[in-house]
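Welcome! Have a look at the protein below, then try the exercises with their worked solutions.

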Amino acid sequence: MPDELTLTLEGEQALLKKIERLPARIRQHVGERALLKSALLLEAHIKKNKLSGQVLHVRSGRLRSSISHRLEQIGQDLTARVGTNVVYARIHEFGGTITAK
């Protein structure tokens, strides 16, 4: 299973042409805001619809409260990442076998 989700926006050609005519700094600002808004919406969706008892039952709320987002520049691409640093999140997401030591 992939660890990343890639979204591609496809829209009306007229709208895309209008966006292309905007000055580069405005295009960049609009793109950053759209990416940030998407990351925030995804983060909220995960917390509300996946980690509030619907998929996983809440015990302490640690996993849900650890979900966060960040934007990072990779070369010329701006990327949004939504995830957690909680170690046990991976087993819930991808499954697996837990054995006692």
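This is a predicted model: local features need pLDDT of at least 70, side-chain atom pairs count only at pLDDT 80 or more; totals for chains, interfaces and linings use all residues.

Residues are numbered from 1 along each chain as its sequence is written, and side-chain values use heavy atoms, with hydrogens and water left out.

**Exercise 1.** Find the elements with the lowest and the highest mean pLDDT.

*Solution.* Recall that pLDDT is the predictor's confidence in each residue, from 0 to 100. For the protein, the mean is 84, and 88% of residues reach 70 or more. Now go through the elements (DSSP runs numbered from the N terminus: helices are H or I with at least four residues, strands E with at least two).

**Exercise 2.** List the residues of the largest nonpolar core, then the contacts of Val86.

*Solution.* Start with buried residues (under 20% relative accessible area, 1.4 Å probe, protein chains only). A nonpolar core joins buried Ala, Val, Leu, Ile, Met, Phe, Trp, Tyr and Cys through side-chain atoms within 4.5 Å. The five residues are Leu51, Leu63, Ile67, Val86 and Ala89. Next, look for contacts (heavy atoms within 4.5 Å). Neighbours within four places in sequence aside, Val86 meets Arg62, Leu63 and Ser66.

**Exercise 3.** Locate Glu72 and list its contacts.

*Solution.* Glu72 sits in strand β1 (residues 68-74). Not counting residues up to four places away in sequence, Glu72 touches Asp77, Leu78, Thr79 and Arg81.

Terms used:
Buried means under 20% relative accessible area, exposed over 50%, partly exposed in between (1.4 Å probe, protein chains only).
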